[in-house]
Structures are given as C-alpha cells and as structure tokens.
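Subject: Structure handover

Hi,

Here is the structure for you to look through. Please open it first, then read my notes below.

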Amino acid sequence: MIIRDLIPKKFSKKEVPVRRVDDPFRSFIDEVHDMFDRFFSDLAVAPSLLRTEFTPRIDFVENDKEYVLKAELPGLSEKDIDVSMDEDSITISGEKREEKEEQRGDYYYAERSFGSFRRVIPLPADIDKDNVKATFKNGLLTVHLPKSREAQKEVKKITVETEK
Amino acid sequence: MAEVVKHELKTVTPAIDIIEKENHYIMIADLPGAREDSIDVTINRDILTITAEADFDIPEKMTEIYAEYKPCRYHRTFRVLDEIDRDNIKASYQNGVLSLVIPKADHLKVKKIAIEAK
C-alpha cells in the first residue's frame, strides 16, 4: 500500500479538478479511501501538523510591450522576497515565517501555510532587463518586464491561404 | 438583511489560523491583494464575518499566460459565542495579512488566586 493513499484527499497539496464519473459500481477501494477521509477529518489531530507547504500562486500576463508577473505573498515583507533573473527565466524565492507572537498558544484552525518557496518562471521572449520593475503591496508582488525592442518586432503575421 | 453579492467577482475562502491565548484569541487571515479600505469585519448577532476585495489590478488588453488566481472577493464567517468581548476587538492589516485580537469575556479570563500563607 502506498503511504500517500493513507493521506486524506482533502489535505493533499494541490486539488486537481478531475471530473469524477458517477459509477454505480464504484470500486471498493474508493469506498475505503472515503472511509479514511472521514476518519481523519473527524480526528482531533493537532491542526498545525496538517499544514501544507507554502507555494505562492502566480499570474502571468502579457501585451505587445511587456509581461506582468504577479505573485500572492501574504505575510511577507519586501525584505523577505528575492527576485532574480537569468537568461530565460525569472525566479521568485523567499520564506514565509510564522509571526513570533503566534508561536505559543493552542491552535483551533491552522490553514495558513509557511515555509520557504522558490518558483522559476520561464520567460518566452527577450526582456529589456534594465527596465524591470518590481513592487510589493498588500501581499502582492508585481513585476513588470518590458519586452526588448527586437522581441516587440518579432511578432510575425502568417497569411492563411485558401486551398484550391 | 440579505447582502447583495457582487457576481462578477469570484468568492474565495481565505486561509485562517485561530490561536487561543490566555486572555484572548488571535485570528489571522491571509488576504493577499486585498485593498485595505475594502476589508470589513462585522459581528451581527453571533456571526463574525470577514469580507474583502482583492484588487489585482490586471491591466486591460493583456493576454493571460498563466492564471492561477483571479480578482476575487474574500468571504468567511464564524459563529462566535458570548465568550468574547465583542466591543474590544482589534484588527490590523499588513502585507496582505489581517490579524484580529479578540479578547475573551471577563468571566473566561484566567484569574490568578493569591494563596495566603497562614
């Protein structure tokens, strides 16, 4: 038996939106998994043991002139965040720490996640590295990455010919 | 009174920690991107509600490459009992994290009883 199967589904790191087919002959295994889920959710385990690692969520958009990268980093300050660039990618790393005051006390809910993180985002086109700007406000990091002039020109229009 | 829900924004349940201390509770909510003036904490009868709007300010006419989140409305409710001192709740917001310090009602506070030596 794989140990992962014992971990209740609701605590697994990422929820994958897989459609579940409603099978009238649902397998016995599924039934057992559900039993485990119910068992663990009823169990009064110290909630802080069930925390997952912190991974910031990212949004990445573009227009003709620039890319804009946004990352949700609640509870961090600009000093905790490290943004670096290399040839073809940008890396956001840092650590989300628990506030010291919290450390003593009984937890009723522990849903927030902590820990160090590192996300590497590949950059699809040349960036004008001298004009990259990063700002941080309300727990949201925004990085503006202007495209280089060459990259702006690179958009090619391909004519579609009709077959005869 | 029923609240009018803005349908254009997705409602997201923020992650919350609740910690009990000797004389108060601390409730901490991660609300990344929430505008300070959009955050509302209300107690109506025995329901404590936290709402906020995340203003991600995504410029128009941009194409999404990755989208792991959307502009959203944070909403979370809790039932509170008479165990708290609802007039003295303190809230603060910094770097996308809302902290509420909720004092316990007087009768629940830890009292030290002095022992008299005879």
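The backbone oxygen of Pro14(B) lies 2.8 Å from a polar atom of the Arg76(B) side chain. In this predicted model, local features need pLDDT of at least 70 and side-chain atom pairs pLDDT 80 or more, while totals for chains, interfaces and linings use all residues; side-chain values use heavy atoms, without hydrogens and water. Residues are numbered from 1 along each chain as its sequence is written, with chains lettered from A and ligands numbered from 1 in the order written.

Back to Arg76(B). Its side chain also makes a polar contact with the side chain of Glu111(A), at 2.7 Å. (A polar contact is a pair of N or O atoms within 3.5 Å; within protein, one must be able to donate a hydrogen and the other to accept it, and residues adjacent in sequence count only if both atoms are side-chain atoms.)

Is Arg76(B) buried or exposed? Arg76(B) is buried, because its relative accessible area is 12%. (Buried means under 20%, exposed over 50%, partly exposed in between, with a 1.4 Å probe and protein chains only.)

Arg76(B) sits in strand E7 (residues 72–79) of chain B. Strands are DSSP runs of E, at least two residues, numbered from the N terminus.

Now the sheet. Five strands form an open sheet, in the order E5(A)-E2(B)-E3(B)-E9(B)-E8(B), with antiparallel pairing. (Two strands pair if DSSP finds at least two bridges between them.) The edge strands, E5 (106–110) of chain A and E8 (90–94) of chain B, each pair on one side only.

Seven bridges join E3 and E9 of chain B. Asp30(B) stands opposite Val97(B) in E9(B).

Best wishes

Definitions and conventions:
Helices (H or I, at least four residues) and strands (E, at least two) are DSSP runs, numbered from the N terminus.
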